[in-house]
Amino acid sequence: MEYVIKAVKLTKRFGDFTATNEITFEVAKGEIFGFLGANGAGKTTAMRMLCGLSMPSSGVATVAGFDVYKETEEIKKNIGYMSQRFSLYEDLTVQENIRFFGGIYGLTNRDIKIKSEELLEQLGLKNEAKKLVASLPLGWKQKLSFSVAVLHHPKVVFLDEPTGGVDPVTRRQFWDLIYEASARGITVFVTTHYMDEAEYCNRISIMVDGKIEALDTPENLKNQFKANSMDQVFYELARGAKRGD
């Protein structure tokens, strides 16, 4: 199996505080990997290290075959990124955003033109191409932001709470885009606090206080904890951590 992300005892300390404590996991090519945890559990810190934005304190990790210590610029060329804020420029038009990010990702003018036309057609935004992004409904902004993040067909796309603040129907439509990207071989690394979304992932890890306390398929985790939902699994893990289990 080809692994696109590998981490072994990856750790990040800020003075005496350990934000991410010796986390170890692998993510396969095309896998949808959920990274769960409460606020302050260390999810964002781990993601920043994997994106080449923060230097680990110790441990080993590679993303798309590149070392997180020595090859951060190569990592950035081979990944896409989308945050809850959608990462779009609202004072630019839809088409200008596509062109801008295509340029950042190193696409040629010809490729940008072709991919722009394909993307506008796919999202049903041809009539909105010259409208400012600020004028778009939230759901359209979300879909456009994700599509821009994978415009250059990265090996990995990191999604940091991408569906926050949108309605359940729009969230489900967004996951259709994730499935399409995964089917094209793009690995999806997603953080979410919606437990129903965790069940859409191939595998999930659950972080508690900087450590990965569980890692498996949603079905296996529910069986392990004799739970009917991922909400129950998360509750049992958090309760066990408080007791010191």
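Student: What does the accessible surface of the protein come to, and what share belongs to carbon and sulfur atoms?

Tutor: Accessible areas come from the Shrake-Rupley method with a 1.4 Å probe, and for residues only the protein chains shown count as cover. Here the accessible surface is about 12,100 Å², and carbon and sulfur atoms hold 48% of it. Please note that this is a predicted model, in which local features need pLDDT of at least 70 and side-chain atom pairs count only at pLDDT 80 or more, while totals for chains, interfaces and linings use all residues. Residues are numbered from 1 along each chain as its sequence is written, and side-chain values use heavy atoms, with hydrogens and water left out.

Student: How does the radius of gyration of the protein agree with that of a compact globule?

Tutor: The radius is taken over C-alpha atoms, and the globule rule is 2.2 Å times the number of residues to the power 0.38. For 245 residues a compact globule would have a radius near 18 Å, and the protein, with 18 Å, agrees. Its C-alpha atoms fill a box of roughly 55 × 40 × 35 Å along the principal axes.

Student: What percentage of the residues count as buried?

Tutor: Buried means under 20% relative accessible area, exposed means over 50%, and partly exposed lies in between (1.4 Å probe, protein chains only). Of the 245 residues, 51% count as buried.

Student: How many helices and strands does the protein have?

Tutor: Helices (H or I, at least four residues) and strands (E, at least two) are DSSP runs, numbered from the N terminus. The protein has 9 helices and 10 strands. Helix H1, residues 43-50, is mostly covered, with 6 of its 8 residues buried. Among them are Met47 and Leu50. After H1 comes Gly52, with a positive phi near 80 degrees.

Student: Is strand S9 enclosed or open?

Tutor: Strand S9 (residues 203-208) has 6 of its 6 residues buried, so it is largely enclosed by the rest of the structure. Arg203, Ser205 and Met207 point one way, and Ile204, Ile206 and Val208 point the other.

Student: Which strands are joined to S9 by bridges?

Tutor: Two strands pair if DSSP finds at least two bridges between them. Strand S3 (residues 32-37) runs parallel to S9, with 5 bridges, and Gly34 has Ile204 as its bridge partner in S9. Strand S10 (residues 211-216) runs antiparallel to S9, also with 5 bridges, and Ser205 has Leu215 as its partner in S10. The hairpin of S9 and S10 has 2 residues between the strands, and Asp209 takes a positive phi near 50 degrees there.

Student: Where else is phi positive in a residue other than glycine?

Tutor: Most residues other than glycine have a negative phi, and most peptide bonds are trans. Glu22 has a positive phi near 50 degrees; it lies in strand S2 (residues 17-28) and is partly exposed at 47% relative accessibility. Ala64 has a positive phi near 55 degrees and is found in the loop between strand S4 (58-63) and strand S5 (66-67). At 12% relative accessibility, Ala64 counts as buried.

Student: Which residues does Val4 contact, beyond its neighbours within four places in sequence?

Tutor: Contact means heavy atoms within 4.5 Å. The partners of Val4 include Ala64, Lys155 and Thr187. Val4 belongs to strand S1 (residues 3-14) and is buried, with a relative accessible area of 5%.
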